[in-house]
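Q: Can we go through this model together? I'll jump around a bit.

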Amino acid sequence: MAWMERNVQVRVDHRLLLEGARSVLCVADRYPGMPDAPTAPGQGRVARYARGRDYHRHMKKRLHALCDGFSAEHQGQCFRACVDTAPILERDTAAAAGLGAVGKNTMLIQEGVGSWLLLGEIVTTALIEPTGVPPSDPCGTCTRCIDACPTDALTPFALDASKCISALTIEHRGVIDANLHEAMGDWIFGCDICQEVCPHNQPTQRTSDAAVHDAYRGGAPSLELLAVLQWGEADRIQALAGTSATRATLDMWRRNAAIAGRNALCEHSSSSPSEAQAHPSELPSEVLAEALDALAADGREPEMIRQAASPRR
Ligand code: SF4
Ligand code: SF4
């Protein structure tokens, strides 16, 4: 997460992002957070935010349209749209703007809506009356996210990125600590567990009524591990076209799939005979094992893939 450490000054002083900045307009866009069906054996799961169309492009386009409208109304003022890529502490800024409060899982939680939210900002030289509200605690005595995190990456209001499946599968470009492999389960891009268990995210009439843009709907909740292991660069681009899941490189995707593949094989070998009989052909375990063994033994593959594909000790 070295990117978090870069531009620290810009993150806390928006005037370094836009000369003369005096206000930040914060927006939150919902994405679908409905419960998932269990993932089929041999499939790897993708975090919900990355399933639909790339929110960076989609939200930025809409923010640019807003900026154009504001610029026309406020002659002489500058407006800059930012989505994720600009160095802004988004959750804290959104909380300061009154869009919600940061929970123990470090996500922004909006009362009555939850945390399945994408955040964006418009930094402007215009002086806008603040809408912020005093900070509140959305958690109380709850510790569900901390208890559910499979890698113990959470302590109240703080996340250890070196253990977080989301950071490891999306940001980390090297070998993943073998001690964490089993806990990564079937996640191959991101992880939603600490949001899934949050009481603020349990479906209610209000959340089902609240709008979700069509762009964020659809998309595959999971991908076939064998296919990902065999991807070339063209396959990766074709499979992930238009989504923000292109952020992970080909080697990272294959590394993540190798870890999930070994987990699937371990789970398959420990399932009861009746379970195996009930789903005899769902996991092509021999084919998957052969593919992983071949990767582990292939000296041309990067170390992070060979290590991920190696049999568990
Ligand atoms: S995203 Fe997953 S691994 Fe990361 S803190 Fe949440 S539950 Fe833990
Ligand atoms: S699961 Fe509980 S502790 Fe964690 S963010 Fe949600 S309300 Fe807070």
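Q: Where is Thr106 found?
A: Thr106 sits in the loop between strand 4 (101-102) and strand 5 (108-109). Helices (H or I, at least four residues) and strands (E, at least two) are DSSP runs, numbered from the N terminus. This is a predicted model: local features need pLDDT of at least 70, side-chain atom pairs count only at pLDDT 80 or more, and totals for chains, interfaces and linings use all residues. Residues are numbered from 1 along each chain as its sequence is written, and chains are lettered from A and ligands numbered from 1 in the order in which they are written.

Q: What is the phi of Thr106?
A: Positive, about 70°, although Thr106 is not a glycine.

Q: And is Thr106 buried, exposed or partly exposed?
A: Thr106 has 18 other C-beta atoms within 10 Å, so it is partly exposed. The scheme is: buried if 20 or more other C-beta atoms lie within 10 Å of a residue's own, exposed if 12 or fewer, and partly exposed in between, with C-beta atoms placed from the backbone.

Q: Asp152 next. Where does it lie, and what is its phi?
A: Asp152 lies in the loop between helix 5 (144-148) and strand 7 (154-155). Its phi is near 55°, a positive value in a residue other than glycine. Asp152 is partly exposed too, because it has 13 C-beta neighbours inside 10 Å.

Q: Switching to strand 6. How many of its residues are buried?
A: Eight of its eight residues, spanning 117-124. On one side these are Leu117, Leu119, Glu121 and Val123, and on the other Leu118, Gly120, Ile122 and Thr124.

Q: Which strands are joined to strand 6?
A: Strand 1 (residues 23-30) is joined to strand 6 by eight bridges and runs antiparallel to it. Strand 3 (residues 79-82) is also antiparallel to strand 6, with four bridges. Two strands count as paired if DSSP finds at least two bridges between them. As for individual positions, Arg30 is opposite Leu117, and Phe79 is opposite Thr124.

Q: What is the strand order in the open sheet of three strands?
A: The order is 9-2-10, and the pairing is mixed. Strand 9 (187-189) and strand 10 (222-224) are the edges, each pairing on one side only. Neighbouring strands there are turned by 40° against each other on average, direction ignored.

Q: In which sense do strand 2 and strand 9 pair?
A: Parallel, over two bridges, with strand 2 covering residues 43-46. Val46 has Phe189 of strand 9 as its bridge partner.

Q: Which helix lies across those two?
A: Helix 12 (residues 250-270), running at about 175° to strand 9. Axes are lines fitted to C-alpha atoms, for helices over the stretch in contact, and angles run from 0 to 180 degrees between N-to-C directions; contact means that C-beta atoms, placed from the backbone, lie within 7 Å.

Q: Ligands now. What surrounds ligand 1?
A: The residues around ligand 1 include Asn105, Cys149, Cys164, Cys191 and Cys194. A residue is near a molecule if its C-beta atom, placed from the backbone, lies within 6 Å of it. Helix 6 (165-170) and helix 8 (193-196) each supply at least two residues of this shell.

Q: And where does ligand 2 lie?
A: Ligand 2 lies between domain 1 (2-33 + 51-124) and domain 2 (144-309), because both give residues to its shell. The domain bounds come from an automatic or database domain assignment. Ligand 2 is surrounded by 13 residues, with Gly103, Cys139, Cys142, Cys145 and Cys198 the closest.
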